[in-house]
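Good morning, colleagues. Please take a moment to look at the sequence and the model on the screen, and I shall then go through the main features in turn.

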Amino acid sequence: MKRTIFAIAIAALVLGGCLSTQKENSAQDSASQNAVGAPNPFYSFKSLEDAEKKAGFKFNLLDVFENYTIQAYRVIPKQLLEAVYDSESGDEIRIRKAPGKNDPSGDYNVYREKSSQVIDGVEVIFFANENKCGKTVWQTGGHSYSITSQDRISIDKAIKTASKIIEMNSANR
């Protein structure tokens with residue numbers, strides 16, 4: 001008789017534990033079903049013309065990198081337009097333009113080297129590590145611009161690219 005009561009008590013504990021675990025799991029499942037992440041604010045386009053329409057501003061941008069192809073133009077309406085370039089080696093370069101004076105790069109890496117140069121009357125700031133530029137930013141004509149590179153480009157290449165972009169967009173100043 002003692003064995004039977006003991007077996008029933010054990011069974012009750014095991015079942016009770018299983019039921020509470022099922023309730024916890026079902027509560028977690030319904031919580032995860034109701035969880036909503038932030039929506040992606042970007043719209044992607046294959047043509048610069050369509051991207052400019054959605055952005056609400058022009059961005060004169062030609063193929064400024066040799067051996068790189070533009071994969072997409074991405075836009076946050078009225079806030080940002082970017083061109084995403086890829087190389088055969090897998091490097092990715094992003095060039096962004098945004099209204100206002102804030103850094104549009106989205107790059108929050110820490111760089112040991114910071115330098116600047118005036119190009120066509122515009123101060124351009126370079127952020128680098130070991131003379132390889134990861135981020136370049138400048139403001140002109142009510143807009144901010146940035147160039148970022150995963151694999152880092154030479155400062156010379158960053159200067160030439162910024163110079164081309166400044167020249168191509170000087171009519172918008």
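This is a predicted model: local features need pLDDT of at least 70, side-chain atom pairs count only at pLDDT 80 or more; totals for chains, interfaces and linings use all residues.

Strands β1 and β2 are joined by 3 bridges and run antiparallel, with β2 covering residues 68-76. Across this pairing, Phe45 stands opposite Tyr73 in β2.

I turn now to the helix. The buried residues of α3 include Ile155, Ala158, Ile159, Ile165 and Met168. Against the sheet, the buried residues of this helix pack onto β4, β5, β6, β7 and β8.

Next, the charged residues. In general, side chains of opposite charge can pair when their charged atoms come close. How many salt bridges does a search of the whole structure find? The search finds 8. One of them joins Glu82 and Arg96, whose closest N and O atoms are 2.7 Å apart. This pair links distant parts of the chain, since Glu82 is in strand β3 and Arg96 in strand β4, 14 residues apart. Both partners are buried.

Strand β4 also contains Glu92. Is Glu92 buried or exposed? Its relative accessibility is 18%, so Glu92 counts as buried. Glu92 forms a salt bridge with Arg94, the closest N and O atoms being 2.9 Å apart, and Arg94 is likewise buried. Further along the sequence, Glu92 touches residues including Val84, Tyr85 and Thr148. Arg74, Glu82, Glu92, Arg94 and Arg96 are linked in a network of salt bridges.

A further salt bridge joins Glu130 and Arg112, with the closest N and O atoms 3.5 Å apart. Glu130 is in the loop between β6 and β7, and Arg112 in the loop between β4 and β5, 18 residues apart. Glu130, at 64% relative accessibility, counts as exposed, and so does Arg112, at 62%.

Thank you for your attention.

Technical notes: Residues are numbered from 1 along each chain as its sequence is written. Side-chain values use heavy atoms; hydrogens and water are left out. Two strands pair if DSSP finds at least two bridges between them. Helices (H or I, at least four residues) and strands (E, at least two) are DSSP runs, numbered from the N terminus. Buried means under 20% relative accessible area, exposed over 50%, partly exposed in between (1.4 Å probe, protein chains only). Contact means heavy atoms within 4.5 Å. A salt bridge is a side-chain nitrogen of Lys or Arg within 4 Å of a carboxyl oxygen of Asp or Glu. Lists of a residue's contacts leave out its neighbours within four places in sequence.
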